[in-house]
Amino acid sequence: MDLLILRLHHGYQAIKDISNAKLSDAHRGFPVIDESKCIDNCRECESICPTGAIKIKPLSVDIGKCIFCSECESFCTNGTIKFINEYKLGSAERNKLIIPSGKSFANYHSEAIKARKEIHKLFGHSLKLRQVSSAGCNGCEMELSACGNVNFDMGRFGIDFVASPRHADGIVITGPISKNMAVALEDAYNSVNHPKLVIAVGACAISGGIFTESSELNREFLEKVKIDLYIPGCPPHPLNVINSIIDFIGKK
Amino acid sequence: MPIYDLRNQLIEKIKAGNRLVQFFGNKNGEEIILYAVLVHDNLSKLYISSSVFTGEKDYQSITPVIPSAHLFEREFYEQFGIEPKEHPWLKPVRKGIAGIDNIEIPYKFFNMTGEEVHEVGVGPIHAGIIEPGYFRFSCHGEKVHYLEIELGFQHRGIEDLFIKNYENPFFLTKLSESITGDTVIGHSGTFVRAMESLSNVSISRRAKSIRTIMLELERIAVHLGDISALSGDVAYLTGNSVFGALRTKIINTTMSICGNRFGRGLMTLGGVNYDISFELKNKINTTLDWLNDEVTLAAEVLFSSASVLERFEQTGVIGKDTALEIGMVGPAARASGVVIDARSDHPFDAYEYFTVHKLTLDSGDVFARAYIRYIEIQHSIKIIKEQLNNLPEGELKSKSNTLQNDSLLVSISEGWRGEIVHVIITDSSCNLKRVKIKDPSFHNWFALALAVQEEGISDFPLCNKSFNLSYSGFDL
């Protein structure tokens, strides 16, 4: 009886309209850059950036490297770089992740992922993914797990994480890929049947992130495969992950 | 002192009730210096001792007398090549994983033979979305006789990265947040405190309180997630959903403070980056009152359900003697009756100003490790509310300073998983020379291997989750 009361009390928790959900203003998402405000040319933002995501002249932020710590925003008294709470950061192309000055979020979002007919035909109704944690710190892993919980409930869109690569339509890579995980990652990829997708989640998987300079990494695998979807963040919010995948497979 | 004397002294002190919390090497020119750090929890005392190796290639192992030293000695051997003679199990820690590194003599797993004995290998990629590690079970039917755990897949060379990038303080803080993504506040707090003490920077009471609030929020969030996962492992799906939804609410509260669901971006050298405004304070207060009611309601149903208790009770038992012998820490140790909690034994941040009650249980089974999480959640809610409602005034950030030269500093704190210890050594030009990190998982992985012995192999996921250990924190 207590169990039934608890179940009733729990109710329905999932976010109903997932593509229009708003995040708190505190969330650090898309960086808006206004180079005209950079008047003293101090280059401090470039030198303090822990992952080397900022390039000067012309000013740009590579959100494939950025860990969204916003130290550059608080360091710059002119307000040149500002992180806003827009979270849909997924992109099908690596070079689109480099955000130049003046780029608005709406503009970025409309260009970053173009729904492709063949992708929609193959994966639009059901997409099963095998996640491979390749030396990730457990941040991205926890957010990917959260995609399936009662709040975000990714399963209702036909997108699920499965246990076996044999059941999967693609792999999701998190982490900078350590030497010790390189073999297992490649084995998992080879075990997935064609046609298959590769999705890189988080700054570490996309660029090495904060671990870029480590001598214990082996990122050769990424030279052999084409990454179909990049989902930046450190770690990316579940809404970022789900919406990026939905946009990519053209699910409406 | 000579290694012979150091060894004798360590054995004598540990037998007298001290605990080994660090044991590591540091290269100084041609010499290798071995440091050992001991603590006495009841007296809140710290002992540091060292021994210099000038070309010697081995020493007499401590492990046969003090089992809790086994991983420390293996790690020291792996990093500096000085062999602990007569170490019973000199297996690689993070490098030389069987079949991956081309080392001359690959490591051979412990092998059991006999009629109807079989082995089950799991990993490094697991069924769920979790970190990689390899488990090898030697079973007789369903019963596990022996579990061997192989880690190191996550090794990213974090300790070296600290030294490589010592010039950028922002890099150092962010790297400490990525030691393990589930203990962001725990590790980054321990690291920045070490750096602050080494540069004689004292932080304001307000910054201390905010750090404490965030650390307790992290503890609540992970404990809720663990109870949710434990419910899922025994097919109690209502618990899985209810506790999962409560966790979401708490990590969203963390995000409303610092913009990230795991607390990234909060810590900075000299204080914190984010304040808690009056409105935010009221909001958090309301959330915590709500959480207290919700968690009590849900936990009472969970812990009175016969089907749950049947799986939780008497599963994966670790007795108090074993826990002490292998040097367990954190809630897992407290669930086995070991009275340690760094918040009260070695207070830091706002814990210096009030007493944290050390909560312990005796049974040492999955039930105790689940239930202790529930009472720790309630305790943490009280701590946060007290800090919130008496939030002192003060600067968020103090001015930074250069590090002291030729110094060694030990920073201890209690993350949600247990005791975190960072040691920092500086050179004569005030730069970082060695950063040694220890996640509580370093002590507790071996406890998991012991907990599943003589249990059914199907209880492994349950035992594993009841410890919820970190792969990345161990592998570094």
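Colleague: Is A:Ala106 buried or exposed?

Modeller: This is a predicted model. In it A:Ala106 is exposed, because 10 other C-beta atoms lie within 10 Å and the cut-off for exposed is 12 or fewer.

Colleague: Which helix is A:Ala106 in?

Modeller: Helix H4 of chain A, residues 105–112.

Colleague: Switching to the interface. How many residues does each chain put into the contact?

Modeller: Chain A gives 49 residues and chain B gives 45 residues.

Colleague: Which elements of chain A supply at least two residues each to that side?

Modeller: Helices H1 (2–10), H3 (71–75), H6 (139–147) and H7 (179–190), together with strand E6 (127–133), all in chain A.

Colleague: What is the make-up of the chain A side by class?

Modeller: The side of chain A that touches chain B has 24 nonpolar, 18 polar and 7 charged residues.

Colleague: Back to H6(A). At what angle does H6(A) cross H10(A)?

Modeller: Roughly 65°, with the axes coming within 8 Å; H10(A) covers residues 238–249. The crossing of these two helices is right-handed.

Colleague: Which residues meet there, H6(A) against H10(A)?

Modeller: From H6(A), A:Glu143, A:Leu144, A:Ala146 and A:Cys147; from H10(A), A:Pro238, A:Val241 and A:Ile242. By class, that contact holds 6 nonpolar residues, no polar ones and 1 charged.

Colleague: Now chain B. How many helices and strands?

Modeller: Chain B has 16 helices and 13 strands. Its radius of gyration is 22 Å, close to the 23 Å from the globule rule for 476 residues, so chain B is as compact as a globular protein of that length.

Colleague: What does the C-alpha trace of chain B span along its principal axes?

Modeller: About 60 × 60 × 40 Å. Of the 476 residues in chain B, 51% count as buried.

Colleague: What share of the contacts in chain B join residues at least 24 apart?

Modeller: 65%, counted among contacts between residues at least 6 apart in sequence.

Colleague: Last topic, confidence. Where is it lowest and where highest in chain B?

Modeller: Lowest in strand E6 of chain B (residues 117–122), at a mean of 87, and highest in helix H13 of chain B (residues 366–389), at 94. Over chain B the mean pLDDT is 89, with 98% of residues at 70 or more.

Colleague: What ipTM and pTM does the predictor give the complex?

Modeller: An ipTM of 0.89 and a pTM of 0.91.

Methods. Residues are numbered from 1 along each chain as its sequence is written. Chains are lettered from A and ligands numbered from 1 in the order in which they are written. This is a predicted model: local features need pLDDT of at least 70, side-chain atom pairs count only at pLDDT 80 or more; totals for chains, interfaces and linings use all residues. Two residues are in contact if their C-beta atoms, placed from the backbone, lie within 7 Å. Helices (H or I, at least four residues) and strands (E, at least two) are DSSP runs, numbered from the N terminus. Ala, Val, Leu, Ile, Met, Phe, Trp, Tyr, Cys and Pro count as nonpolar, Asp, Glu, Lys and Arg as charged, and the others, Gly among them, as polar. Axes are lines fitted to C-alpha atoms, for helices over the stretch in contact, and angles run from 0 to 180 degrees between N-to-C directions. A crossing is left-handed if the near helix is turned anticlockwise from the far one by less than a right angle, and right-handed if clockwise. pLDDT is the predictor's confidence in each residue, from 0 to 100. A residue is buried if 20 or more other C-beta atoms lie within 10 Å of its own, exposed if 12 or fewer, and partly exposed in between; C-beta atoms are placed from the backbone. The radius of gyration is taken over C-alpha atoms; the globule rule is 2.2 Å times the number of residues to the power 0.38.
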